[in-house]
Amino acid sequence: MQPGDTRQQYLRRISHKLIDPPALTPATGLTQLIEDAFLSYNAGRLREACRLFVGKMLADDAVVGLSLSGALTPAGLGASCLVPLLEAGFVDWIVSTGANLYHDTHFALGMDMHQSRPGLDDLELRANQVIRIYDIVFDYENLLGTDRFYRTLCRAGPFQKTFGTAEFHYLVGKYLAAREDEAGRKGRSLVAAAYRAAVPIFTSSPGDSSIGMNLAALQLEGSALRIDPLRDVNQSAAIVYDAKKAGRSGVLILGGGSPKNFMLQTEPQIQEVLGLEESGHDYFLQVTDARPDTGGLSGATPQEAMTWGKVDPEQLPDTVTCYLDSTVALPLLTAYALAKRKPRTPRRLMDRLDALMKGLEKEYAERGGREDVG
């Protein structure tokens, strides 16, 4: 309370609005449902997330990074949510687990994934060569066929060099987009959609997926293909540094894990390691089921991230954490954004990646690098 406040004055000051929702009806639309009925607890945080995403993160001068962890693409969320977000210009760059990109490839190749139920007999599934991801099932041949696709593709001449992961996924996306076009299946693959929109997709742990496993096998054959993860560190930092010079940077984090850290570490890379003046991401929106009190990165709050320089302390009011399953939150957030915000012009950051890197290199060189102390 402020000096002289009555209890009612204090209550009015901290109140957003009265809890007095209208009754839902058969005509209630999704955006109205979120606005009128998602009032408190994690429903309230999801409404705040929707408003932050549409009202500030999707401003014309804001660059939006998306991090993906958990098995989202096998559940169909690539085609239903992520592709529409990219096509609307609502996502400018991505950090994903390799597994999400590997399973995304099944859809581009026309391989079937099936809804089932949890609690199936896993010994029976194994005997019938059926793979299970909780309540998703698919034929083991999906894995073998996708492995063959990557090994055959990556033996070709255009892949016989060193890549950052964004460069590698962009080239893969070119071929997946062509496969989609040939089969009349455009819009099924996130990687193909990212190629069409020139959206960089980084993988923070490129060896930690079936894609990386197949590239490792090619190395045993004598392939010249190499993945340089250090290139990713500088390229992602260059994207954020340029974004903050020209406007603002926002992060939409689904889950946590390595993709979350890789996306957020762009700011310590700029400030702490490269010694360039910066203050942190402006907008932080996370959907997670991880608790903060275990000390893990997946549950770390934006307030904690602020102490590392990852989030601008002046922008902490523009942060939202929803303790919710991403498979629930992402479709709602996507539908809300598509209904509330007109499409943005895609930034096509892959087309500018070399120029962004040269800009970062120039500023780092002008400051004489970092002088080690101690």
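**Note on the predicted model**

1. Alanine 198 lies in the loop that links α9 (190-197) to β7. The model is a predicted one. Phi of alanine 198 is positive, near 55°, in a residue other than glycine. Most residues other than glycine have a negative phi. Alanine 198 has a relative accessible area of 0%, under the 20% cut-off, so it counts as buried.

2. Tyrosine 134 also deserves a look. This residue is not a glycine, yet its phi is positive, at about 55°. Tyrosine 134 sits in the loop between β4 (130-133) and β5 (136-139). Is tyrosine 134 buried or exposed? Its relative accessible area is 57%, and the cut-off for exposed is over 50%, so tyrosine 134 is exposed.

3. The sheet comes next. Six strands make up an open sheet, with parallel pairing, in the order β7-β2-β1-β9-β10-β11. The edges are held by β7 (201-202) and β11 (319-323); each has a single partner strand, so one side of each has no neighbour in the sheet. Strands of a sheet pair through backbone hydrogen bonds.

4. Within this sheet, strand β1 (residues 62-68) and strand β9 (residues 248-254) run parallel and are joined by seven bridges. In this pairing, alanine 62 stands opposite arginine 248 of β9.

5. Which angle do helix α8 and helix α11 make where they pack? Helix α8 (residues 165-183) and helix α11 (residues 229-246) meet at about 90°, and their axes are 8 Å apart. An angle from 65 to 115 degrees counts as roughly perpendicular, so α8 and α11 are roughly perpendicular to each other. On the α8 side the contact is made by Thr165, Ala166 and Glu167, and on the α11 side by Arg231, Asp232 and Gln235. By class, the residues of this contact are three charged, two polar and one nonpolar.

6. Last, the cysteines. How many disulfides does the model contain? The count is zero, where a disulfide needs two cysteine sulfur atoms within 2.5 Å. For cysteine 50, which is in no disulfide, the nearest cysteine sulfur belongs to cysteine 322 and is 7.7 Å away. Cysteine 50 has a relative accessible area of 0% and is therefore buried. Cysteine 154 counts as buried because its relative accessibility is 0%.

Terms used: Residues numbered from 1 in each chain as written. Predicted model: local features only at pLDDT ≥ 70, side-chain atom pairs only at ≥ 80, totals over all residues. Heavy atoms only, no water. Pairing = 2+ DSSP bridges. Helix = DSSP H or I, 4+ residues; strand = E, 2+ residues; numbered from the N terminus. Axes fitted to C-alpha atoms, helices over the stretch in contact; angles between N-to-C directions. Parallel < 35°, antiparallel > 145°, perpendicular 65-115°, else oblique. Contact = heavy atoms within 4.5 Å. Nonpolar A, V, L, I, M, F, W, Y, C, P; charged D, E, K, R; others polar. Buried < 20%, exposed > 50% of the residue type's maximum accessible area, 1.4 Å probe, protein only.
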